[in-house]
Amino acid sequence: MANAQLNINDTMLNTFRGVPLSDIPNLFGQPLNLNDMQDVRDVNHTFMIKPFKYDLSNPDCEPEPVHGIDTYRDVWQDDYVRMPCSAGNITSDGTSKWCVIQIALMKLKEKCEANTGTVNNIKTPLCNIHLVENSTIEDMHGFLQVDFANMYICGGVMDEGCVQEEIRCTISTEMLVSLLVCEKMQSNECIFLIGCEQFSTYTGYANTFKANADYIDKTPKDSWGRKLCHVVAMDAIYYENPLIQ
């Protein structure tokens, strides 16, 4: 991730436990270089949005589709995924698109299960840990952030839940879109969210949680205009007995 030590001031560095950041060898100095959308020519992938070109010199300007508004054919509306209840959820031969998608997903699941290990058979030792005190996950700009999630992403954010995961989705509200498109996570699955922009700050936790103020997220963007904030959600394992954990 870009500038892995962004916003890590001297005070924070003096209150860490474990090893210094400099002793962790796999920090990324720069973000990955992405080809412009119009240059992507991969037959195995399809854009489900209108490809656009992001202008790094004018970050506040809304980008236009690279093929032009009048000439671009939106494949989402013509041939690809629609919600199951949509009247357009039928192919030209009368087959439901979701049946085709489900078959493909089942094949993918079988391949994943055939090549999935567990914690018990991992032989590689755990890496060194740098633990910062008096900070939050969302404060650690430039790092891959972990959402210790419910099996249903965003947990109880639409109900009465208001702890780590729900707070993370509340201050970065675009993460809530995952509720619409992500199914229940299996034990060998995770969900990767890219470009999680923060819009508000807060105080408290759980019963004391309160919205605080608007937040201007100054995290740099990648070449596609996405905030360099990546969150990986994984279903945390629950142990009733700490001795078993």
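Reader: Hi! Let's start in the middle. Which residues of helix 4 are buried?

Author: Hello! In this predicted model, the buried residues of helix 4 are Gln164, Glu165, Glu166, Ile167, Arg168, Cys169 and Ile171.

Reader: And why is helix 4 described as largely enclosed by the rest of the structure?

Author: Helix 4 covers residues 164-171, and seven of its eight residues are buried, so the rest of the structure largely encloses it.

Reader: What do those buried residues pack against?

Author: They pack against strand 3, strand 5 (200-203) and strand 7.

Reader: Okay, let me zoom out. How many helices and strands does the protein chain have?

Author: The protein chain has five helices and seven strands. Starting at the N terminus, their order is α-β-α-α-β-β-α-α-β-β-β-β.

Reader: What share of the residues is buried?

Author: Of the 245 residues in the protein chain, 24% are buried. The accessible surface comes to about 17,600 Å², and carbon and sulfur atoms account for 55% of that surface.

Reader: In what sense do strand 4 and strand 7 pair, parallel or antiparallel?

Author: Antiparallel, over five bridges. Here Cys190 stands opposite Met234 in strand 7.

Reader: Which residues are on the covered face of strand 3?

Author: Gln145, Asp147 and Ala149 form the covered face, while Val146 and Phe148 form the uncovered one.

Reader: Let's stay with Gln145. Is Gln145 buried or exposed?

Author: Gln145 has a relative accessible area of 4%, so it counts as buried. Leaving out residues up to four places away in sequence, Gln145 touches Ile137, Glu138, Met140, Arg168, Cys229, His230, Val231 and Val232.

Reader: What does Val231 contact, apart from its neighbours within four places in sequence?

Author: Val231 is in contact with Gln145, Asp147, Arg168, Met175, Ile191, Phe192, Leu193 and Cys196.

Reader: How many residues are in the largest nonpolar core?

Author: That core has 13 residues, and the ones with the most contacts inside it are Ile153, Met175, Ile191, Leu193, Cys196, Val231 and Ala233. Strand 4 (190-194) and strand 7 (230-235) are the elements that give two or more residues to this core. Another core lies apart from it, with five residues, among them Leu21, Val132, Met140 and Phe143.

Reader: Where does Cys154 lie?

Author: Cys154 lies in the loop between strand 3 and helix 4. Cys154 also has a positive phi of about 75 degrees, although it is not a glycine.

Reader: Where is Asn134 found, and is it buried or exposed?

Author: Asn134 is in the loop between strand 2 (130-132) and strand 3. With a relative accessible area of 75%, Asn134 is exposed.

Reader: Last one: how many aromatic pairs turn up in the whole structure?

Author: One aromatic pair. The rings are those of Tyr202 and Phe209, with centres 5.5 Å apart and planes at 35 degrees, so the pair is tilted. Tyr202 is partly exposed, at 21% relative accessible area.

Reader: Great, thanks for walking me through it!

Notes
Residues are numbered from 1 along each chain as its sequence is written. This is a predicted model: local features need pLDDT of at least 70, side-chain atom pairs count only at pLDDT 80 or more; totals for chains, interfaces and linings use all residues. Side-chain values use heavy atoms; hydrogens and water are left out. Helices (H or I, at least four residues) and strands (E, at least two) are DSSP runs, numbered from the N terminus. Buried means under 20% relative accessible area, exposed over 50%, partly exposed in between (1.4 Å probe, protein chains only). Accessible areas come from the Shrake-Rupley method with a 1.4 Å probe; for residues, only the protein chains shown count as cover. Rings of Phe, Tyr and Trp (its six-membered ring) pair if their centres lie within 6.5 Å; planes under 30 degrees apart count as stacked, over 60 as edge-to-face and the rest as tilted. A nonpolar core is a set of buried Ala, Val, Leu, Ile, Met, Phe, Trp, Tyr and Cys residues joined through side-chain atoms within 4.5 Å. Contact means heavy atoms within 4.5 Å. Two strands pair if DSSP finds at least two bridges between them.
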